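Thanks for coming. I have one structure to go through today, so please have the sequence and the 3D view open while I talk.

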Amino acid sequence: MRTILITGPGGSGRTAVAAATALRAAGEGTPTLVLGADRTDTLGAALGTATGPAPRQVTPTLTAWRPDAAARFREDLTAFQTRAAGVLDLLGASRLDAEELTPLPGAEELSFLRALRDAALSERYELLVVDLPPAPQALALLALPEELRRYLRRLLPPERQAARALRPVLGRLAGVPMPADWLYETAARWDVELAAVEAVLADRHTAVRLVAEPGPAGADAVRTARLGLALRGLRTEALVGNRVLPEDTPLHGLVAQQRKALADWAETFEVTAVPHLGHDPRGTEDLAALPVPGVNIAPAPVEWPVADRIEEDGVLVWHIPLPGAIRDGLDLVRRGDELVITVGGFRRIVALPSALRRCTVAGAALRDGELRMRFTPDPDLWPR
């Protein structure tokens, strides 16, 4: 399946563009699912058809779905209470009824990611169009699977499961119950589910599109979003300049501002200018009038290659694309076999490639939107 993730600054019209993109693909005969993340039915307003927790057929080849995060959270927590009944009884805890449960912070994001995974693995569709939240929230959402998997591995390392036979003895010595098997089984299940979401995001058939109104504020938002996506190993496939005013509008200053922003973006992105309809798009006829880009573009995979320069310079060079990054906003810290990258307000902890784990850091440089880290082989660890 091909997956298109669509986001942009708040108020940019990204939902209408996502709906129009899905409608265009469906009109060309591609079985398409458009997935909405908003609590309110902005997707349904754009399509002219209400959407909700049950997939809704909009046209013979287009389906819309807006998962109910609250219902999914209640189901998960109720199941968790059932599995943890022994521990809860030991602690004298009172069970929560499904009717009194409300989603905790982060629950909606996890529910939406699981829905994204389920949709991407479905065999009913050939295209999945995802209407993500506004860019800042979307970037945090896309980072969640990797970060949660790292927390799980640190808090409940899989290798500790090998010590199951020792837990009763350790529990008696410590005077407290040791973690039960169900806890590790739950962690393993979560890890598998999060890994599946990561696989969807990293798939070569997954692309990201940004939607923004041309202008200074839109340009700043696009620059920031592009850098945040690059740090996650995601490339911006296309940029939609939305609500572009016609040349003959009386607002000459605003028109000139939009044209300049579009020209600047065209130096970096595949840009599509979508005209302002004079009103918010409502229904399939309005959406069909938006000339959004097609979905037949094959995104180039993002690579972080390691170049072998040992013969020439005695180093290995790790190339990490960070378009738009500036030196003053970049911070690098090596922690064991991991590298902590902080850039432009974003932070990611990545595992070093195996060859670099046997090296020491010799320096780093940021040139032309690319971070180049030099590593010197450690003679005590490097094979002779």
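Before the first helix, one definition: the expected span of a helix is 1.5 Å times one less than its number of residues. Keep in mind throughout that this is a predicted model.

Take helix H9, residues 216-231. H9 has 16 residues, and from first C-alpha to last it reaches 23 Å, close to the 22 Å expected at 1.5 Å a residue. Its buried residues are Gly218, Ala219, Val222, Ala225, Leu227, Gly228, Leu229, Ala230 and Leu231. Just after H9 comes Gly233, with a positive phi of about 75 degrees.

Now the whole chain. There are 12 helices and 15 strands in the protein chain. The chain has 384 residues, and 45% of them count as buried. If you take the contacts between residues at least 6 apart in sequence, 66% join residues at least 24 apart.

Back to H9 and its partner. Helix H6 covers residues 135-155, and H6 and H9 pack at an angle of about 5 degrees, their axes 10 Å apart. Angles under 35 degrees count as roughly parallel, and H6 and H9 are therefore roughly parallel to each other. On the H6 side the contact is made by Ala135, Leu139 and Leu142, and on the H9 side by Ala225, Gly228 and Leu229. By class, the contact of H6 with H9 has 5 nonpolar residues, 1 polar and no charged.

H6 has another helix packed against it. Helix H5, residues 107-121, packs with H6 at an angle of about 90 degrees, and the axes are 10 Å apart. H5 and H6 are therefore roughly perpendicular to each other. From H5, the residues that meet H6 are Glu109, Leu110, Phe112 and Leu113; they meet Leu141, Leu144, Pro145 and Leu148. The contact of H5 with H6 divides into 7 nonpolar residues, no polar and 1 charged.

Next, helix H10, residues 252-266. H10 has 15 residues and reaches 21 Å from its first C-alpha to its last, close to the 21 Å expected at 1.5 Å a residue. Which residues of H10 are buried? They are Val255, Gln258, Ala261, Leu262 and Trp265. These residues cover an arc of only 130 degrees around the axis, which puts them on the same side of H10. The face turned away from that buried side carries the exposed residues His252, Gly253 and Lys260. And what covers the buried residues of H10? The cover includes H9 again, together with strand E6 at 206-212, strand E7 at 236-244 and strand E8 at 271-275.

That leaves some single residues. Start with Asp131, which lies in strand E5, residues 127-131. Is Asp131 buried or exposed? Asp131 has a relative accessible area of 0%, so it is buried. Setting aside its neighbours within four places in sequence, Asp131 is in contact with Ile6, Arg14, Thr15, Ala18, Leu35, Gly36, Ala37 and Phe112.

Arg56 is in strand E3, residues 56-59. Its relative accessible area is 40%, so Arg56 is partly exposed. Again leaving aside neighbours within four places in sequence, Arg56 is in contact with Thr49, Ala50, Leu62, Thr63 and Ala64. Arg66 is 10 residues apart from Arg56 along the chain, and their C-alpha atoms are separated by 9.1 Å.

Last, backbone angles. Most residues other than glycine have a negative phi. Two residues here go the other way. Arg243 has a phi near 55 degrees, a positive value in a residue other than glycine. Arg243 is found in strand E7, one of the elements covering the buried residues of H10. With a relative accessible area of 22%, Arg243 is partly exposed; the cut-off for buried is under 20%.

Asp368 also has a positive phi, of about 50 degrees, although it is not a glycine. Where is Asp368 found? Asp368 is in the loop between strand E14, at 359-367, and strand E15, at 370-377. Its relative accessibility is 81%, so Asp368 counts as exposed.

That is what I had.

Note on methods: Residues are numbered from 1 along each chain as its sequence is written. This is a predicted model: local features need pLDDT of at least 70, side-chain atom pairs count only at pLDDT 80 or more; totals for chains, interfaces and linings use all residues. Side-chain values use heavy atoms; hydrogens and water are left out. Helices (H or I, at least four residues) and strands (E, at least two) are DSSP runs, numbered from the N terminus. Buried means under 20% relative accessible area, exposed over 50%, partly exposed in between (1.4 Å probe, protein chains only). The arc is that of the directions from the helix axis to the C-beta atoms. Contact means heavy atoms within 4.5 Å. Axes are lines fitted to C-alpha atoms, for helices over the stretch in contact, and angles run from 0 to 180 degrees between N-to-C directions. Angles under 35 degrees count as roughly parallel, over 145 as roughly antiparallel, 65 to 115 as roughly perpendicular and the rest as oblique. Ala, Val, Leu, Ile, Met, Phe, Trp, Tyr, Cys and Pro count as nonpolar, Asp, Glu, Lys and Arg as charged, and the others, Gly among them, as polar.
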